[in-house]
Amino acid sequence: MSNQVGVLVMSYGTPQSMEDIEAYYTHIRRGNKPSEEQLRELTERYEAIVGGVFPLREHTNSQVESLEKTLAQDERASGVEFRCYQGLKHASPFIEDGVDAMAKDGIKRAVGIVLAPHYSMMSIGSYIKRAQAKAEEHGIEMSFVESYHLHPKLIEALSVRVSAKLDQFEEAGAKRDSVRVLFSAHSLPEKIIEMGDPYPDQLLETSKAVANQAGIENWQFTWQSAGQTATPWLGPDILDTLQVLSKEQVEDVLVAPVGFVSDHLEVLYDLDIEAKAIAKELDMRLMRIDSLNNDPLYMETLSDCVIKSWQGIN
C-alpha cells in the first residue's frame, strides 16, 4: 500500500443528464434554485449542444483515465502506483467524495491538480481549500499543483491547434496575417483585480507564449461567459469584441479559448453557437481551435506537474 499515491483530479463539473441541470445550477447558486425562466434558458442551451444525449461528463472521465495511464508510463514514477480520483466542484462525485474515496482505499499521500491551467483564488483556490480540509480530516498528506499556465507542453499543444486552424483559413482564401486571433477565458468578477489575483496576468502570459510559438502578431485577449450578477465582471466580452472588430473591418477571426481544456457549455454554446451567430450577422468568418480534451501533450503536462509535486512531498 505504501507505494500508492492518490491523484485528486478536480474540475468544475457538469450535469450528468438533462434531468440533473436544475440540481447542478442550484448548487452553483449556493442552494438557490434557478427561476423557471432561467432553467428553461439553461435547458435550451444544453439541448442545443447535446441534443438530449449528454456526452459532456465523458470528456472529464476520459481525461482522468488518460492521466492515470500517462503517469504509469513515466519513468520517474517507477515503483509508484498513481491512482487517479475525480473530484468536482458542483456535481457528484464532489471534491470531498474524491478524498473520501482515497481514504477508503488506504491512500496516505496525494497530489491535487485542477483541469484548468490558470490560478485564481475564486476558482483553483477554492478547490484546494476544500480538498485540503477533507484531506486533513483523513490524515492524508497532500500537495497541490496551483497552476501550469506556461508549461512547455501545454504551450506546444495550444500552438499546434492555433497553427492548424490558421492553415484552414489560408486554404479558404484568407491571408494568414489578416486573421485576428482572440485568446479567451471565463470571466470572473472584477473585484479579483483589487485582490491582486494572478488570473488575468497568467492568461495574458499563456496567450503571449502561444502567439510567440505560433508566430502570430495579430492577436488580442477577450473574456467570455460572464455570470449574470449585480457586480461587474471582467471584460470586454467576446460578443462585444466582435462588434468592435467588425467596425475595424476584420473579416476573419480565430478564437483560442486557452482558459478551457475541454468541450463543454462555455465552448460548445457560448462560442460555437452564440459567438458564431454574431459573427455571421457581421459577415465575419469565425473558427475555434479544437479543445485539448485528452490530447497526449496535455496529459503529459498534467503528469509532469503531478510527479514534480509528489517529489516535493517525499
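Which strands does helix α11 lie across? The answer is β6, β7 and β8. Keep in mind that this is a predicted model.

## The sheet

Let's start with the strands. Four of them make an open sheet, ordered β6-β5-β7-β8, with parallel pairing. At the edges sit β6 (219-224) and β8 (285-288), each of which pairs on one side only. From one strand to the next, the twist averages 30°.

Zooming in on one pair, β7 (residues 252-256) joins β8 in the parallel sense through four bridges. Here L254 is found opposite M287 in β8.

## Helices on the sheet

Now for the helices. Helix α9 (residues 238-247) packs on the sheet and touches β5, β6, β7 and β8. Its direction makes about 140° with that of β6. Helix α11 covers residues 270-281 and runs at about 170° to β8.

## The annotated binding site

An unreviewed UniProt entry carries a "binding site" annotation for H186 and E266. The two are spread over 81 residues of sequence, yet they cluster in space, with a largest C-alpha distance of 8.0 Å.

H186 belongs to strand β5 (residues 180-186). Its relative accessibility is 23%, so H186 counts as partly exposed. Setting aside neighbours within four places in sequence, H186 has contacts that include Y199, W223, W233 and E266.

E266, for its part, is in helix α10 (residues 265-268). Is E266 buried or exposed? With 18% relative accessibility, E266 counts as buried. Not counting residues up to four places away in sequence, E266 touches H186, Q224, S225, F260 and L271. Q224, S225 and F260 also turn up among the contacts of H186.

Definitions and conventions:
Residues are numbered from 1 along each chain as its sequence is written. This is a predicted model: local features need pLDDT of at least 70, side-chain atom pairs count only at pLDDT 80 or more; totals for chains, interfaces and linings use all residues. Side-chain values use heavy atoms; hydrogens and water are left out. UniProt positions are given in the numbering used here, feature names are shortened, and annotations may be inferred rather than shown by experiment. Helices (H or I, at least four residues) and strands (E, at least two) are DSSP runs, numbered from the N terminus. Buried means under 20% relative accessible area, exposed over 50%, partly exposed in between (1.4 Å probe, protein chains only). Contact means heavy atoms within 4.5 Å. Two strands pair if DSSP finds at least two bridges between them. Axes are lines fitted to C-alpha atoms, for helices over the stretch in contact, and angles run from 0 to 180 degrees between N-to-C directions.
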